[in-house]
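Subject: Structure for you to look at

Hello,

I am passing a structure on to you. Please open it first, then read my notes below.

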Amino acid sequence: MKYDWIDEYLMQKKAVTKNLQADWNWVRYCIQDKMFAAICLDKKDKPYYINVKTDPLESTHLREQYEDIVPGYYSNKVHWNSIKPDGEVPNEVVKHLLDESYELVLQGFSKKKQGEILGET
């Protein structure tokens, strides 16, 4: 996988946990059990997609701009995109998408819960 830095990058974010969704063979990155990113693995445990939550307005634009970004694999195609792990999407774009995905899921919590998650209370 071209983006071998993803695990370390995501695990540095506050309150992130990861687990293996064995039925799907996905490594899921979560905030309080709410997934914000996943690395989808094949039967040989090789990544074939990286799923991220995206702003619906940005999703279509990203898919048009990068052929290695496609509608979310086994996900809501309005809110999720998949990145091909050996594609040509620049590292900075992937980091932006991971950060945005984290923020979108974090914003789904109440302000009070966000403060608790971020250690601000």
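Leaving aside its neighbours within four places in sequence, which residues is Glu88 in contact with? Please keep in mind that this is a predicted model. The contacts of Glu88 are Lys2, Tyr3 and Asp68.

Now for where Glu88 sits. Its place is the loop between strand S6 (80–83) and helix H3 (91–107). Glu88 has a relative accessibility of 62%. The cut-off for exposed is over 50%, so Glu88 counts as exposed. Glu67 is also worth a look. It lies 21 residues from Glu88 along the chain.

Next, the backbone. Most residues other than glycine have a negative phi. Two residues here are worth checking against that.

Asp33 is one with a positive phi, near 70°. You will find Asp33 in the loop between strand S2 (26–31) and strand S3 (34–41). Is Asp33 buried or exposed? Asp33 is exposed, because its relative accessible area is 63%.

Tyr74 also has a positive phi, near 50°. Tyr74 is not a glycine either. Its loop runs between strand S5 (69–71) and S6.

Then turn to Asp33 and its positive phi. Finish with Tyr74 and its positive phi.

Best wishes

Conventions:
Residues numbered from 1 in each chain as written. Predicted model: local features only at pLDDT ≥ 70, side-chain atom pairs only at ≥ 80, totals over all residues. Heavy atoms only, no water. Helix = DSSP H or I, 4+ residues; strand = E, 2+ residues; numbered from the N terminus. Buried < 20%, exposed > 50% of the residue type's maximum accessible area, 1.4 Å probe, protein only. Contact = heavy atoms within 4.5 Å.
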